[in-house]
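User: I would like to learn how to read charge pairs and helix faces in a model. Could you walk me through some cases?

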Amino acid sequence: MIERFDIAIVGAGMAGASLAAALGDRARVLIVEAEDHPGYHATGRSAAFWTESYGGLAVQPLTTASGPVLAGLGVLRRRGALTVARAGQEADVAAFARAFGDVGVEVRLLDRAGIAARVPGLRADWTCGALEPSTCDIDVGALHQHYLTVARKAGAQVWCRAGLVDAARNAQGWTLALANGRQAHCAILVNAAGAWADPVAVLAGADPLDIRPYRRTVAQIAMGAPVPDAMPLVLDIAETFYFKPESGRIWLSPHDETPSPPCDAAPEEIDVALAIDRFEQAVDWPVARVEHKWAGLRSFAPDRTPVYGFDRAVPGLFWCAGQGGFGIQTAPAAADLAARLLLGESAGAVDPAPFSPLRFG
């Protein structure tokens, strides 16, 4: 027997789970997930912060609109973010602060004394920076489970080990064939498949949007001296590293973006070594050992802006993809935006037009 749904969402990561929760009981929803449990890929491997500037000006409206919702859910903890720069990069820092200040993000320019006071041991060639006091850590696991719980209470079903094998469409909607042998019928198919968004689109008979996955590496570093837990998230204006304290350790990334096929991403030793080298060029802290390392895939559309909306050519196919590394910090606003589009409701806090797949020719 083929079960029938109004909307089937491919992918049970943060994008799919938050959308299902936003739809609530206004639609009969199925989430299909290829892995053994939801959130196995990008959602479960996040560096876990909310920063209004992260992702650029196109992403900022979604991030800013999501902040109060995340705070209300109790999943944020104030951290602050400090973007640092070397001598000669003062104009880059000023432009960064001006661009985000113009859209209402609080950014404070700091001199050498200001950045050194917030990052003890910062090497002398780092001379200025920009502070974002609003930046917070996110409890990603709690947020993801919240959305899954809300969705299930509203009647959504979550089928794991149920990767999409085929999607056939006729006048009545979609018939989905899944890897576990089950079938489902739905009126609308939502592509929230992360790194697999283009392959899922092809299965559904649509043209891919050239959404490309890139590997991002993070390492957990044990230090040879105490780590100040109150220190902000530290980012390089040139985007060559970021790090933050986490339970007495340092979470460190070389800010890598290595093209990758959709896969179960694994860290490369060269990227971990590069991260440590860049870290040691920034601070004079003794590195004791690498305790843990992981990698995830961040998927971008060609213009690096997320995609939310119905496909240009294939009726009943909806894109919820290309979130890059920003899908967690933007989840509340993005899910609200997508749910409104799916249900034919008026726009909410964020204009959906810049995120439409129709922007691609």
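User: Which residues are linked in a network of salt bridges?

Analyst: Happy to start there, with the reminder that this is a predicted model. The general idea is that side chains of opposite charge can pair when their charged atoms come close. Here, the network of salt bridges joins Arg77, Arg79, Asp137, Lys244 and Glu246. One of its links is the pair Lys244 and Glu246, with N and O 3.9 Å apart.

User: Is Lys244 buried or exposed?

Analyst: Lys244 is buried, because its relative accessible area is 3%.

User: How many salt bridges does the structure hold?

Analyst: There are 21 salt bridges. Among them is the one between Glu3 and Arg182, whose closest N and O atoms are 3.1 Å apart.

User: What does Asp36 form with Arg161?

Analyst: Asp36 and Arg161 form a salt bridge, and their closest N and O atoms are 4.0 Å apart. This pair, too, links distant parts of the chain, 125 residues apart: Asp36 is in the loop between strand E2 (29–32) and strand E3 (49–50), and Arg161 is in the loop between strand E9 (157–159) and strand E10 (164–170). Asp36 is exposed, with a relative accessible area of 52%.

User: Now for helices. What span should the 14 residues of helix H7 have?

Analyst: At 1.5 Å a residue, helix H7 (residues 269–282) should span 20 Å, and its end C-alpha atoms are 20 Å apart, so the two values agree.

User: Which residues of H7 are buried, and why are they on the same side?

Analyst: The general idea first: an α-helix has 3.6 residues a turn, so residues three or four places apart point the same way. In H7, the buried residues are Asp271, Val272, Ala275, Ile276, Phe279 and Ala282. They cover an arc of only 140° around the axis, which puts them on the same side of H7. On the other side of H7, Glu269 and Ile270 are exposed.

User: What covers the buried residues of H7?

Analyst: The cover includes strand E7 (126–132), strand E13 (212–223), strand E15 (242–246), strand E16 (249–253) and strand E18 (287–300).

Technical notes
Residues numbered from 1 in each chain as written. Predicted model: local features only at pLDDT ≥ 70, side-chain atom pairs only at ≥ 80, totals over all residues. Heavy atoms only, no water. Salt bridge = Lys/Arg side-chain N within 4 Å of Asp/Glu carboxyl O. Helix = DSSP H or I, 4+ residues; strand = E, 2+ residues; numbered from the N terminus. Buried < 20%, exposed > 50% of the residue type's maximum accessible area, 1.4 Å probe, protein only. Expected span 1.5 Å × (residues − 1). Arc of directions from axis to C-beta. Contact = heavy atoms within 4.5 Å.
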